[in-house]
Every structure is written in C-alpha cells, then in structure tokens.
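I opened the notebook to go through one chain by element and by side-chain pair. My notes follow in the order I looked things up.

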Amino acid sequence: MPARPAGRVAHGGIALLCGLFGRSLLVGSDPAAGMSFTDEQALPSSWRWELWSPSDKAWYAALRERWSSVAASAAAAAGAEALREPAIPAKIHQVWLGSKEIPEHCREMMATWSEKHPTWEYRLWTDVDLPEAGLPPRLADLFACAENPAEKSDVLRLWLVLKYGGLYADVDFECFRPVDVLLQRFSFVTGLSNVGAFELNNGLFAASPGHPLLQYMCDHVSEPWAAWGAADVAQGEAVAFQLQRSGMLGLDFGPPAGRAAFLATTGPGFFTRAVMRGLTHAPGLECVAAHPGTACGAGAPTDAADGDAPKPALAPVIICPAAVFYPLPNSGRSLPREAKLALIHKSQAYEAEAGAEASNPLRLWGIEPPLAAHHWCRTWDPDLTGGSG
C-alpha cells in the first residue's frame, strides 16, 4: 500500500473523536425539525448542536437567510430567472466501488434518476473507469491510501463533479421529480441533511465544472480540520492539534482506523465544514450573482480576454432545506418501504404547511418538494454491502 499522505495523519484531537462516534449512530429524533427554513422556529430545539463545528448555529442562520434571499429573488424575477443554458450540465454521476454487487433495491433507486431525466447523460463509475477519471496526484494518493470503498468514493465524487460538472447521487437515493429547475438557476446545489443535527450530506450535490467550492473541497479533503478551519474549529480540537504538531505530547490524536472514521475526514462531516467555510473563504466565490444572468460589479474580478470587462458572475449557490432532498430521517433507515413513504409524506405535509408560497422558491417555479429521498442504506458499511456509492 502507498505511504499515507501527510494530511491524513492528524485530524484534530479528542473533541473530534467524541463528535465522530456520536455521529455514526446519530438519529433524527424529530422528523419535522429543520425540515423547512420557513419554520418560525429559528433553531430546531431537538437538534444536537456543535456536532461538526461550534459555528453550526451561525451556519444554520446563514442558510435560512440565503434561502430567504433566493425566495425574494424568485418572487421578483418570476419565470424570467432561468438561464438559456443551465448553469450545471445535465449529467448524472453515480459511483460503485468494491467487489460486491450492487444490491437490487439500490439498482431500483438508481433507475429513477434516468426515468425522471430521460435526456440527461448518465454515468455509473466503477473501479474499471478510474483511468478515465484521471484523478490528479494528490487525490490519486488519497484514493490509493483509502481504507474502504466509501472513502474512495468520497474522494472520487468530488473530482468527477469538479471535472465534468453535473449531479452526483448516492446509489441509495430515490428520485421523485426532475431537478432541472435547480440546475438552470444555480451553480452549486446541495441540501441540509436529516440526522437531528446540522449536517450537509455529500450523498447528493450538483455543480458547474470547475466550481470554486468543489475546488476548495478537493484542496482540503482529508486535511486536518484544525489546520484550515480557523475560528470554526472547537477549541479543544484546535489545542490538541497544536500540541500534536509541536510534538510536545508525542501522541497521535488522529481518528483511529475503522469503518466510520472517514465520516469526518472525507464524508458528511468534511462536506459540511468545507461547504460552509468555503462559502466565505473559497477563492473564486468573490462574485456570485444575486440571480442568474448578472455580472460582477465594480472592483470584481475581470476576464483577461476582455480587458477590464467584468467576468460573468457565477450563478448563485443554494443549500436546500431537508424537505427537498432528505425528507426521510436517518432514524427511518430500517423501516419497510411503506413506512418510509409515510414518513416522507408526513414531512412533505409539514413543509407545505410551514412554507407559504411567497417564501418557497420551489413553488414559485412550479415544483413541489421532495425532489428525492435518501434511504440511508449504509452502503459504506462492509458488514451490510461491501461496496460504496
């Protein structure tokens, strides 16, 4: 096995470990909590806070404000807001790595993406496709050193969407409605998860090729959070990292080897941190349009080919409330399909009640959530499937 890249040695100390193993068993206690950003309750009281960062309450407030801004823009621009060409190309990427066969119930869910998007390009990436993917050296090293297919998949999916653009979805994601309306209006799309805590899951996201947020993720994936998270890192974790780096303790505070360690270094924990910190720190996100079709203003980056002409602004970034992509809480993973659909219907009814048309951009665009649902099949767990995607 290749030597482990330096960035994977230390991941930030005891504070991270406490959060990490709580996450691996975390369940959403209230399926309605945080389902809609239009809920009058500013912060879901039943959530477990400070799972991935002490900044998560501020992060949640920022997402509520972003959603309100999108709604206001949608109401003002009505149907004229869509771009002539989608900001994100009509491509669907899914990944399955490892020696095991894809479970049949996952294959059924995978098929729903092409059924709802018959004109889109669809690609399932497996181990035999890795040469074509062309991972750059740093990501190739991380991929080679990864200890399980899930970690490999986490790295590969970031690169595929950065390189080609499009939408990535885990194989246990079921599509209910087309997502075209989002890809036409935004340059980056993902959703708040449904785990009883503040988390953005990397099981579904979409972006334009070369998007600054994805470049930021590829630059930091598997790096110690305390090395780049600054004020968003828990104090105990930051101190432990500094002590380890100084060699004063002679101890390794990185997460132990194990099937759940990747959740913080490449999986949902990393994704949450990278998206939220990247929104304010990723190079290239200096100019994001208030709505598609606008350009950067005075003092914004310019396009060298056009002299001093402002560069076209990136289409906006949107993080959707849980009702859009995660109507099913992770506590419902073991339920029979009929019970899962009942929970999804319950969350849909709650979101419809909480989200008046004037504050819900999806309804202004003529669509009803949910667009998809994650079934939480834990394909990353080798005891269950032995593969990942």
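I call a residue buried when its relative accessible area is under 20%, and exposed when it is over 50%; partly exposed lies in between. The model I am reading is predicted.

**Helix 12**

I asked how many of the 14 residues of helix 12 are buried. The count is 12, so the helix is largely enclosed by the rest of the structure. I listed the buried ones: Pro268, Gly269, Phe270, Phe271, Thr272, Arg273, Ala274, Val275, Met276, Arg277, Gly278 and Leu279. Then I checked the length of helix 12, which covers residues 268–281. At 1.5 Å a residue it should span 20 Å. I found its end C-alpha atoms 19 Å apart, which agrees.

I zoomed in on one pair. Strand 5 (residues 188–192) runs antiparallel to strand 6 (residues 200–207), and 4 bridges join them. Val189 has Ala206 in strand 6 as its bridge partner. I also noted what lies across these strands.

**Ile92**

I picked Ile92, which sits in strand 1 (residues 91–95). Is Ile92 buried or exposed? Its relative accessible area is 2%, so Ile92 is buried. I then looked up its contacts, leaving out residues up to four places away in sequence. Ile92 touches Trp113, His117, Trp120, Glu121, Tyr122, Arg123 and Leu167. I also took one C-alpha distance. Ile92 and Ala169 are 77 residues apart along the chain, yet their C-alpha atoms are separated by 7.5 Å.

**Salt bridges**

Side chains of opposite charge can pair when their charged atoms come close. I counted 7 salt bridges in the structure.

Glu174 bridges to Arg337, with the closest N and O atoms 2.8 Å apart. This pair links distant parts of the chain: Glu174 is in strand 4 (residues 173–175), Arg337 is in helix 14 (residues 337–354), and 163 residues separate them. Glu174 is buried at 8% relative accessibility. Arg337, at 42%, counts as partly exposed.

Glu223 bridges to Arg138, and here the closest N and O atoms are 3.1 Å apart. I checked both for accessibility. Glu223 is partly exposed at 27%, and Arg138 is partly exposed at 30%.

Arg123, already noted as a contact of Ile92, forms a salt bridge with Asp129. Their closest N and O atoms are 3.3 Å apart. Where do the two stand against the 20% cut-off for buried? Arg123 has 22% relative accessibility, so it counts as partly exposed. Asp129 has 14%, so it is buried. I followed the shared partners from there: salt bridges join Arg123, Asp129 and Glu132 into one network.

Technical notes. Residues are numbered from 1 along each chain as its sequence is written. This is a predicted model: local features need pLDDT of at least 70, side-chain atom pairs count only at pLDDT 80 or more; totals for chains, interfaces and linings use all residues. Side-chain values use heavy atoms; hydrogens and water are left out. A salt bridge is a side-chain nitrogen of Lys or Arg within 4 Å of a carboxyl oxygen of Asp or Glu. Buried means under 20% relative accessible area, exposed over 50%, partly exposed in between (1.4 Å probe, protein chains only). Helices (H or I, at least four residues) and strands (E, at least two) are DSSP runs, numbered from the N terminus. The expected span of a helix is 1.5 Å times one less than its number of residues. Contact means heavy atoms within 4.5 Å. Two strands pair if DSSP finds at least two bridges between them.
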